[in-house]
Amino acid sequence: MSKPIIATASLAGCFGCHMSILDIDDRILQLIELVEFNKSPIDDIKTFTKQCDIGIIEGGCCNSENVEVLKEFRKHCKILISLGECAIMGGLPAMRNGIPVKECLEEAYLNGPTVGLNAEKVMPNDAELPMILDKVYPLHEIVKIDYYLPGCPPRADLIWAAVVALVTGDELNIPYELVKFD
Amino acid sequence: MKDRILNIVENFEKDPGRMMDILLEVQSEFGCVSHEAVSIIASALNVSEVDVTQTRSFYHFFTCQPVGKYAVYVNNSVVSCMKGMSEVVDEFEKVTGIKFGSKTQDGLISLHYTACIGMSDQEPAALINSVVFTELNREKVRKLVADMRAGKAVQEMFTELGDGINAHPLVKSMVKNNIRKAGPVTLGEYTVGKGLMKALGMDSKAVITEVKDSNLRGRGGAGFPTGMKWDFCSRESGDHYVLCNADEGEPGTFKDRVLLTERAHMLFEGMAIAGYAIGAKEGILYLRNEYAYLKAYMESVLTELRNKNILGKNIHGKGFDFDIRVQYGAGAYVCGEESALIESAEGKRGEPRNRPPFPVQKGYKNKPTIINNVETFCSAVKIIENGSAWYKAIGTPESAGTKLLSISGDCKLPGVYEIVWGMSIKEMLDMVGAENVQAVQVAGPSGICLPPSQFDRKIALEDLPTGGSMIVIGKNRDLLKDVVLNFMEFFADESCGSCVTCRSFNMILKNSIEKIVEGHGIKKNIDEMMAWSEILRKTTRCGLGQTSSNPITTTIKNFKELYDMRVKDVEYQSEFDMSKAVKDSCEVVGRPAIIHE
Amino acid sequence: MSEIVKFTIDGKECQGKKGQLIVDAAADNGVYIPVLCHMRDLIPAGSCRICTTKVNGRYMAACTTPVDEGTVVENDTPELLDIRKAIVEMLFVEGNHFCPSCEKSGNCDLQALGYKYQMMAPRFPYAFERRELEASTPKIFLEKNRCIFCKRCVRVIKDDQGRSVFAFKGRGKTLQINIDKKLAANLSDEMAKKAMDICPVGAILRKEVGFVEPIGTKKYDHKPIGSDLKNIYQ
């Protein structure tokens, strides 16, 4: 039997969840025994080269590119996991939710304390840039998500336990200390 | 301003318990209760500013910013919408050049929405500076706005007066009674003072026994046995209070409006009888602000009754003292809940209390209090006058007497009907001239939406209990959009917000039904709404939360096909719309939105 | 001496003082009923509804319902646990609870209940309402994004004349917690600390002190909420 294939991505996140994946330390050696990686920053495969079993996504959707990547993942992965607070509820980037996007952009590029660096007061508008969404969306508001692993970041042991359970089909028992929202 | 406000506070003896009256006077005099006013009131009453703001911000007729010289409050309840509110709104916006929720630059006119104002039989209706305008249309709106610009007094903006007491010099209102059917009890023959005279000749316990024996049950909708309530209360020690619930806020109800207009004497007499029965000296009529147009008349009736010694000291020489004051609300549906009403009458935000203790134990000012509906007190007068046996002989074994119905919506003869309990919905529809009926909303939004297959059911406490609201919904209506969504918006606005589940679920359920109406719903959403409604019902403190999901649950039960038609049978559906989501940001930075799908 | 009555919670025989609130009587018997708005010896608010139990077959808030001889309380049933989980989820979507950036994280009762009920993602859509941070008073921040309207501060924090420092403003969806700027200007350090301590979430925070306790030593880092109750009758 071939090994299950995993893909990962960080959308509007800080890569902290990916760091936490690496925090499984030497178990990473076991992990590569268990699974194969496809599109992921871990192996630097940029585009899907095959259908995957598990997609793990960090970060919410704050722009159009995030949405497109997320939809690609949904297309290519049987199971999709929201990893971390940002994926689950938008996280810190979502602190702008509730504030009109106009106000946010003006604060960032026209009125904020750091706009001195932007002497011409230009708002980035190149057609090559992703478009900013009206708010930061939790992943499950855009595509169907199968599992959620909370935490900021989710504890490495939680990620490990969840992935192993998914791959082996064993029951997942999560100790109290592993589920935290911070 | 400061002196005037201090004067008002003085007039109410610097009593924080009269906060509502203080705020009402300030609002009416200055067009708002500003931060400055709050600060003056707070220091005069020696309470904190946040406490004044707490009350001020709870009621929607109190505003922080000044309303227009003419403040127009258009009713946006279901029946008003059915009868053409959108045209009225459109015309107001067109001729004033402003949107609802705002004020003209010169401060002359402000436009507001308000919940049901008790005029469902003559919609679309609006309040302008507390004066009622009914059966509005585009033409009337144009004339009204022209009159406002000409600086006319609001009372002079109409010429035709309503019938009965509506035409009384102290009322002078265009409101019509629309009494379509008078029965033997509340709208039957009535002689002022007869019932009270008889009661005073009886032992107070005997009065309670008489009411108990009559099987009279609360007419506000809950149907609690009135005599039992009076009995419980009379057994408590200390000062007692009689409160009358005239908050009539259930959309589609207006029968108390008619009683207050045509049977004010009877109501006050009923309160006095109750006062005698339970041993109270003071009564309060809690009257919704929407009916403030009756204010001068109410005061004149009270004066008249005092002059006749039906109220006042040593009534009829029997050593019984009793007087009544009128407490006005300021726009909050939840104050129809009895303990919220008490809080409001005490000058606080209208938040329902936890039970126990019950109002009969600890009510107004924490003293034993009975609270009854207007119709209940009126019925009690006739019961004492004619005896319990007479009363019990009317109606069904479990529902004695008559019931006033406020019937509105898609029918030829909307109005008030005093019916004998036990009438079927079908008989009722024939009576009001209703054809092609899709549904009848029984007992208002918090009641049930009844399909034609159940029109043989009886209007009675044991089958279809109602406080009186009956809204006929024709086949041409979009039940989910025109009715259910409107009701859910209403509840989301009117929840006091104290219980987590009521505050949140009403919003969540409103959003769910909106999603379905807009065509984004999936099958799973229907089950979710049922499950969430059940949690809401089980976890809230008062009747509002326990019934506010009824518009959804009763239509899912009785009109499932309307839901099935609108939802998709898929496991997951996102509401995310890329073009909508990027529209604002693209506009702000000045770039075209390029959407790949 | 108040009368001692016998009652049961999920079949377990308990005793309590007649008229004592169920939630307190349960705690005295070592049985945890979750609370957010309740505080012993304070007038019950009955607002968070998380303590919803079945009392003699009816759904009641255990923080407002007194015990009596023979009262039958159902507490730990799948249905009630789901209702409680739903309430926690609801509070999480209603406010803006960014746990990673909150000083109260680890000491927060709402978060602890999220852990207890293993909330992975709320079943309800996030509201993302805009709420304000009120920072203009000298001693405390009022972070309205996190308020769950438990009314603890409203009920407890008064000035020396008994006037309220906190109160509600608005109703329904516009409800918010409000602080009296004039009275708050004279708030003692002791009262400010008390306000922060009784707040079950991170809505009231003291200025000039913060993040004193390191992660790993906070109240709910290692043990679930409610695991420290002792049966005083044994």
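How many Å separate the centres of domain 1 of chain C and domain 2 of chain C, taken over C-alpha atoms? The answer is 25 Å.

Before you start clicking: this is a predicted model, where local features need pLDDT of at least 70, side-chain atom pairs count only at pLDDT 80 or more, and totals for chains, interfaces and linings use all residues. Residues are numbered from 1 along each chain as its sequence is written, while chains are lettered from A and ligands numbered from 1 in the order in which they are written.

**Stop one: chain C.** Select 4-76 for domain 1 and 85-206 for domain 2; these bounds come from an automatic or database domain assignment. Where they touch, domain 1 of chain C supplies 11 residues and domain 2 of chain C supplies 13 residues (contact: C-beta atoms, placed from the backbone, within 7 Å).

**Stop two: chain A against chain C.** Here 23 residues of chain A meet 19 residues of chain C. On the chain A side, helix α4 (residues 85-89) gives the most, with three residues (helices are DSSP runs of H or I, at least four residues; strands are E, at least two; both numbered from the N terminus).

**Stop three: helix α3 of chain A.** Select residues 64-76. Now colour the buried residues, A:Ser64, A:Asn66, A:Val67, A:Leu70, A:Phe73 and A:His76 (buried: 20 or more other C-beta atoms within 10 Å of a residue's own, all placed from the backbone). Show their packing partners too: β1 (5-10), β3 (52-58), β4 (61-63) and β5 (77-83) of chain A, together with α24 (578-589) of chain B.

Technical notes. Contact = placed C-beta atoms within 7 Å. Expected span 1.5 Å × (residues − 1). Buried ≥ 20, exposed ≤ 12 C-beta atoms within 10 Å, placed from the backbone.
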